[in-house]
Amino acid sequence: MKAASRRPVVIIGAGPVGVMAGLLLARHGVRSLLLERHRDIYPLPRAVVVDDEIRRILQSAGVHEEFAALARPAPGLRLLDAGRRVIAEFPRSMHGHHGFPQTSMFDQPELERLLRDALARRPECELWSGVEVVSVTQSVTQSVARDTDGPNDPTGPVRVTLRRDGSDEEEHLWADAVLGCDGAGSLTRDAIGAVWEDLHFEESWRVIDVRTSRPVRTWEGAEQICSPTRPATFMRVSEDRYRWEFRLADDHNLEGPDGWERLRELVAPWVDLPPDASPGNDFEVVRQAQYTFRARLADRWRSGRVFLLGDAAHLTPPFVGQGLCAGLRDAQNLTWKLARVLQRGAREGLLDTYERERKPHARHVIRVAVAVGWAMTGGQDRGAAFRRAVVGTACRIPGVTAAVGRDLSPALTAGPLVRRRPRLTGRMLAGTFCPQPWVRHDGRRVRLDDVLGESFAVLTAVPPTAQMTAVATALGAPTIRVDDLGDDGTLAGWLARGRADAVLLRPDRVVMDTVPAGTSDFTDTVAWAPLLHTARHTADARPA
């Protein structure tokens, strides 16, 4: 087995995506150094919603119980017309496919503090605050004289040049990889020569966060007001915290006495503020900011060992609440692959699958958000009213609202780690997530992922065959019979519907390969085994 590298992975940006990447790398035993230009977390609210897939990622980072204490599950989304009549409702379950509520509201500073505290407990992670990264340079010297994988072959370690707060002196450090989690104005994106692809959405919105003890008229979920003249979004974030988003002109001032009166008129459908009221303890404006919502996608996400994650790679309008979610999915997808390359000598081509899998997924989510934005709030032309009418009619068709919810996180597209051939039995599961029910383990009731561990896993409904055992041994993966888990039948039913006797799960719990029903072997080891380098490390692998 290849010895672990002594150079750290450098993560530029210690927001939620960067810190999550550090925590997930630590889970695989990889050292990381986080560089953050700010001294502390940003104290004002920004992102306010995550889905059940993200809750599962928080579980893998070991912080889901702390997050549950500060999160508020929400029942879903309603589309309302200008008179606040319901056009359509998208309900969300309290126990989704991943084992958590499908929608959870939260305060981003609280999440960031929770993640920072977890980072401080990991000896593999180090955070440098008050540091400005000046440049990122990929070495041009070939450092790995083995398998080549194409244009993204490694070209040696990455040099990061930085300045500490208050100093003009430049320092240099070397990294085995650099993760650019440095936001929409990413220096890392410029360093790899990536440019934005415009997905044709740009609108100016005012975001207003309020803390109030006054009675607020709300159904507890998110509301999207579909109006050609005054579209808006409203949601309750926590016990006394609320958010409004209005499409307003840049010069629509909400400051001062006149601004307070305009704000009072804006929020009147939800909360009554007397004409003689003024900002105070019972209605505190925590933050208001003008944002330009954009839809953009970086044309490349990787150069050698330098990667883009989060807002550095993609920008999405907030209409379906997937901005932060997309960045945390990036971290989950990349970190286990990078750890496999650094710790176990997997081929560099494994890292190419990061952009190949995540970019189409991010593009899909952005398009869904843009579609919601244009169909429900976009434009003041005749077509806007027609689009709202069509969407309202479509959403009354049975099954449409459930399908829209599922499509926010579709199956990964086909590739070396996702071998999808729909006409062959068992292949419909490839690229999808394994469900996570409650199971029994060592006499305790736990979630499935707590039994599977942090690496690959074989989940089977039949006695393991010799080939299943060989694959599991080569990957150091546990082989688990679903009949032994004591769940509610979710796993056996899932395998049966997918016409599979067994599945091979990746560390991110995506199905990589299947044993079709009535057969004995995984079908695509020839595709993924060389990429993971398992063929050359079978002797080193240890069964779990």
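Contact here means heavy atoms within 4.5 Å. The structure is a predicted model, in which local features need pLDDT of at least 70 and side-chain atom pairs count only at pLDDT 80 or more, while totals for chains, interfaces and linings use all residues. Residues are numbered from 1 along each chain as its sequence is written, and side-chain values use heavy atoms, with hydrogens and water left out.

The average pLDDT of the chain (the predictor's confidence in each residue, from 0 to 100) is 87, and 86% of the residues score at least 70. The pLDDT falls below 50 over residues 142-152, a stretch with 21 contacts in the model beyond near neighbours in sequence. Residues 535-544 also stay under 50 in pLDDT, and for them the model has 18 contacts beyond four places in sequence.

The chain contains 15 helices and 26 strands. These elements are DSSP runs numbered from the N terminus, helices being H or I over at least four residues and strands being E over at least two. Of the 544 residues, 55% count as buried, where buried means under 20% relative accessible area, exposed means over 50%, and partly exposed lies in between (1.4 Å probe, protein chains only). Among contacts between residues at least 6 apart in sequence, 71% join residues at least 24 apart.

Two packed helices are described by the angle between their axes and the distance between the axes. The axes are lines fitted to C-alpha atoms, for helices over the stretch in contact, and angles run from 0 to 180 degrees between N-to-C directions. Helix 1 (residues 16-27) packs against helix 7 at an angle of about 25°, with the axes 9 Å apart. Helix 1 is therefore roughly parallel to helix 7; angles under 35 degrees count as roughly parallel, over 145 as roughly antiparallel, 65 to 115 as roughly perpendicular and the rest as oblique. The crossing of these two helices is right-handed. A crossing is left-handed if the near helix is turned anticlockwise from the far one by less than a right angle, and right-handed if clockwise. On the helix 1 side the contact involves Pro16, Val17, Met20, Ala21, Leu24 and Leu25, which meet Leu324, Gly327, Leu328, Ala331, Gln332, Thr335 and Leu338 in helix 7.

Leu338 is placed in helix 7, which spans residues 323-344. Leu338 is buried, at a relative accessible area of 0%. Residues up to four places away in sequence aside, Leu338 touches Val9, Leu25, Ala177, Leu179 and Leu351.

Helix 12 (residues 466-475) and helix 14 (residues 525-532) form another packed pair, with an angle of about 20° and axes 12 Å apart. At this angle helix 12 is roughly parallel to helix 14. The crossing of helix 12 and helix 14 is left-handed. Gln467, Val471 and Leu475 of helix 12 make the contact with Thr525, Trp528 and Leu532 of helix 14.

Glu112 lies in helix 4 (residues 108-120) and is buried, with a relative accessible area of 4%. Not counting residues up to four places away in sequence, Glu112 touches Ala14, Gly15, Pro16, Ile41 and Arg46. The C-alpha atoms of Glu112 and Ile41 are 6.9 Å apart, for a sequence separation of 71 residues. The side chain of Glu112 also makes a polar contact with the side chain of Gln108, at 2.8 Å. A polar contact is a pair of N or O atoms within 3.5 Å; within protein, one must be able to donate a hydrogen and the other to accept it, and residues adjacent in sequence count only if both atoms are side-chain atoms.

Thr212 belongs to strand 13 (residues 196-212). Thr212 is buried, with a relative accessible area of 4%. A polar atom of the Thr212 side chain lies 3.0 Å from the backbone nitrogen of Arg214. Beyond four places in sequence, Thr212 touches Asp240, Tyr242, Asp282 and Phe283.

Positive phi values in residues other than glycine include those of Arg84, near 65°, and Glu220, near 85°. Arg84 lies in the loop between strand 5 (76-81) and strand 6 (86-91), and counts as partly exposed at 27% relative accessibility. Glu220 is found in the loop between strand 13 and strand 14 (222-226). At 28% relative accessibility, Glu220 is partly exposed.
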